[in-house]
Amino acid sequence: MLKILVVCGAGLGSSFACQMSVESVLQDIGVKADLDHSDISSAAGTRADIIISGKNFESQFQRYDLPMDLIFLERLVDKAEIEEKLVPVLKAKGAL
Amino acid sequence: MKEIYFTEENVAFNVEARDWEDAIYKGVALLKKNGCVNEHYATAVVNNVNEFGPYIVLSPGIAIPHTRPENGALKVGMSLITLKTPVFFKDTQEPVKVMISFSATDSEKHLNIIKVIVKIVEKGLIDQISQINSLADLNYLIREEQP
């Protein structure tokens, strides 16, 4: 199954909250995925198809040169922004 | 489940804070007073924000100060403060007016706290909360957000 990892600085607040909003977007558009949240230091070593994180982490992620799709959000719990940025990635992956 | 309710013990309105760091210390002070975190927790939050950027700013107007359990969390808990003068974090467009600080002891047990926070933000209640002056008004405003 498609694995989506939501990442923030501590891996338990902002990322957990964002995960909930992502879950509800996925439910709305009818896509099933395996979701989890973590902190940025463990994110690089985690297997995932898509990583979703806050805009403030963009430069740090670029240093890691990761193979998966990366999505950066201005607002972590804004379902409209999540859907707008996630749908094209899901379509490209054939998940939608 | 009692950790997800706002009481006289974990809420303060119109708190004065010089800047974002001071605001974090003021919010986390309530967690410390209630035995949720030790004296290192607030400094760890500030250090994390300096290292990673303002990841605790969840949405415009609201920050949720927190850090890893090993940085001084003793039990699951939360606090809410509204700021008399909103504070800016680096790289954020809008100032933060409301802070919901919390402590977690693992990556799951504070699930109910996060649920309440997400519902409050998704319903767009932050501006209203920033103008509230009493606990009764706060709990009335978020009555549907708590089980």
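What follows is a working chat about a predicted model with chains A and B.

Colleague: Let's start with chain A: how many helices and strands are there, and in what pattern?

Modeller: Chain A has 4 helices and 4 strands, and along the sequence they follow the pattern β-α-β-α-β-α-β-α.

Colleague: What radius of gyration does chain A have, against what a compact globule would give?

Modeller: A compact globule with 96 residues would have a radius of gyration near 12 Å, and chain A has 12 Å, which agrees. The C-alpha trace of chain A spans about 30 × 25 × 20 Å along its principal axes, and 41% of the 96 residues of chain A count as buried.

Colleague: And which sense do β1 and β2 of chain A pair in?

Modeller: Strand β1 (residues 3-8) of chain A and strand β2 (residues 34-39) of chain A pair in the parallel sense, over 6 bridges, with A:V7 standing opposite A:S38 in β2(A). Together with helix α1 (residues 14-29) of chain A, these two strands make a β-α-β unit that is right-handed.

Colleague: Is A:D65 buried or exposed?

Modeller: A:D65 counts as exposed, because it has 7 C-beta neighbours inside 10 Å.

Colleague: What about contacts in chain B between residues at least 6 apart in sequence?

Modeller: Among those contacts in chain B, 72% join residues at least 24 apart; the corresponding value for chain A is 56%.

Colleague: In what order do the strands of the chain B sheet come?

Modeller: The sheet is open, has 5 strands and mixed pairing, and its order is β1-β4-β5-β3-β2. The edge strands are β1 and β2 of chain B, each of which pairs on one side only. β1(B) and β4(B) run parallel and are joined by 3 bridges, and B:A12 stands opposite B:I81 in β4(B).

Colleague: How does the length of helix α1 of chain B fit what you'd expect?

Modeller: The 14 residues of helix α1 (residues 20-33) of chain B should span 20 Å at 1.5 Å a residue, and the end C-alpha atoms are 20 Å apart, which agrees. The residue that follows α1(B) is B:G35, whose phi is positive, near 75°.

Colleague: Which parts of chain B do the buried residues of that helix pack against?

Modeller: The buried residues of α1(B), including B:W20, B:I24, B:V28 and B:L31, pack against β1 (11-15), α2 (41-52), β4 (77-87) and β5 (96-103) of chain B.

Colleague: Where is B:I4, and what does B:I4 touch?

Modeller: B:I4 lies in the segment before β1 of chain B, and B:I4 counts as buried because it has 20 C-beta neighbours inside 10 Å. Leaving aside residues up to four places away in sequence, B:I4 touches B:N112, B:I113, B:V116 and B:Q146. B:I4 and B:G77 are 73 residues apart in sequence, with their C-alpha atoms 7.4 Å apart in space.

Colleague: Last one: how many residues of chain B are in contact with chain A, and which element gives the most?

Modeller: 23 residues of chain B are in contact with 19 residues of chain A. On the side of chain B that touches chain A, the elements giving two or more residues are α2, β2 (57-59) and α3 (111-122) of chain B, and α3(B) gives the most, with 6 residues. By class, that side of chain B has 12 nonpolar, 7 polar and 4 charged residues.

Definitions and conventions:
Residues are numbered from 1 along each chain as its sequence is written. Chains are lettered from A and ligands numbered from 1 in the order in which they are written. This is a predicted model: local features need pLDDT of at least 70, side-chain atom pairs count only at pLDDT 80 or more; totals for chains, interfaces and linings use all residues. The expected span of a helix is 1.5 Å times one less than its number of residues. A residue is buried if 20 or more other C-beta atoms lie within 10 Å of its own, exposed if 12 or fewer, and partly exposed in between; C-beta atoms are placed from the backbone. Two residues are in contact if their C-beta atoms, placed from the backbone, lie within 7 Å. Ala, Val, Leu, Ile, Met, Phe, Trp, Tyr, Cys and Pro count as nonpolar, Asp, Glu, Lys and Arg as charged, and the others, Gly among them, as polar. The radius of gyration is taken over C-alpha atoms; the globule rule is 2.2 Å times the number of residues to the power 0.38. Two strands pair if DSSP finds at least two bridges between them. A crossover is right-handed if, with the strands pointing away from the viewer, the path from the first strand over the helix to the second runs clockwise.
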